Structures are given as C-alpha cells and as structure tokens.
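Have the viewer open and follow along.

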Amino acid sequence: MCPHQPPCPSSETYDREAARTIASHPEQGWSLLCNGVVLFDDTGELLPNGGIIAPHRPTDLPAPSAA
C-alpha cells in the first residue's frame, strides 16, 4: 500500500514512527503517517487497528542509579 521506495515501516513494527508524514496538523498537535499511524506531539500514537501507544519520551526513563 505504501508508494514510497523503500517502503515505509508497517504500523505493526517497532520503527513505525519512521514512516513518512502524509498529513500534518501542527495547530492541532498531530500528524498522519503513511502507514496509517496518527502521531501526536506528546509522542502518543493511535494505530490503524484502534490500538494506542502511550506517550513515550526519552526523559520518561528512570535516572541511572549511582553505584
């Protein structure tokens, strides 16, 4: 279904966010990717099958413990 070469990653793969943007609405805080994923500015995602991915920023990782 993807017309790009090489094809964009599927919405079912871990690298789904690497798909090309086909519609962008920064005033509303979201973009539609070629693979059908709606990507939100807070890094949350809505998948084509209705699934959701919670926001996941690198700063959400726990701080390393001092040893």
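Two strands count as a pair if DSSP finds at least two bridges between them. Strand β4 (residues 45-46) and β5 meet that rule, pairing in the antiparallel sense over two bridges. Keep in mind that this is a predicted model. Its mean pLDDT is 88, and 87% of the residues reach 70 or more.

Now zoom out to the whole sheet. Five strands make up an open sheet, in the order β1-β2-β3-β4-β5, with antiparallel pairing. β1 (21-25) and β5 (52-53) sit at the edges with a single partner strand each, so one side of each has no neighbour in the sheet.

At the β1 end, four bridges join β1 to strand β2 (residues 30-33), and the two run antiparallel. The hairpin they form has four residues between the strands, and G29 in this hairpin takes a positive phi near 85°.

Here are two bridge partners you can look up:

| Residue | Stands opposite |
|---|---|
| L46 | I52 in β5 |

How confident is the predictor about the elements? β2 has the highest mean pLDDT among them (97), while β5 has the lowest (94).

Let's finish with I52, which is found in strand β5. Is I52 buried or exposed? Its relative accessible area is 68%, and exposed means over 50%, so I52 counts as exposed.

Terms used: Residues numbered from 1 in each chain as written. Predicted model: local features only at pLDDT ≥ 70, side-chain atom pairs only at ≥ 80, totals over all residues. Heavy atoms only, no water. pLDDT = per-residue confidence, 0-100. Buried < 20%, exposed > 50% of the residue type's maximum accessible area, 1.4 Å probe, protein only.
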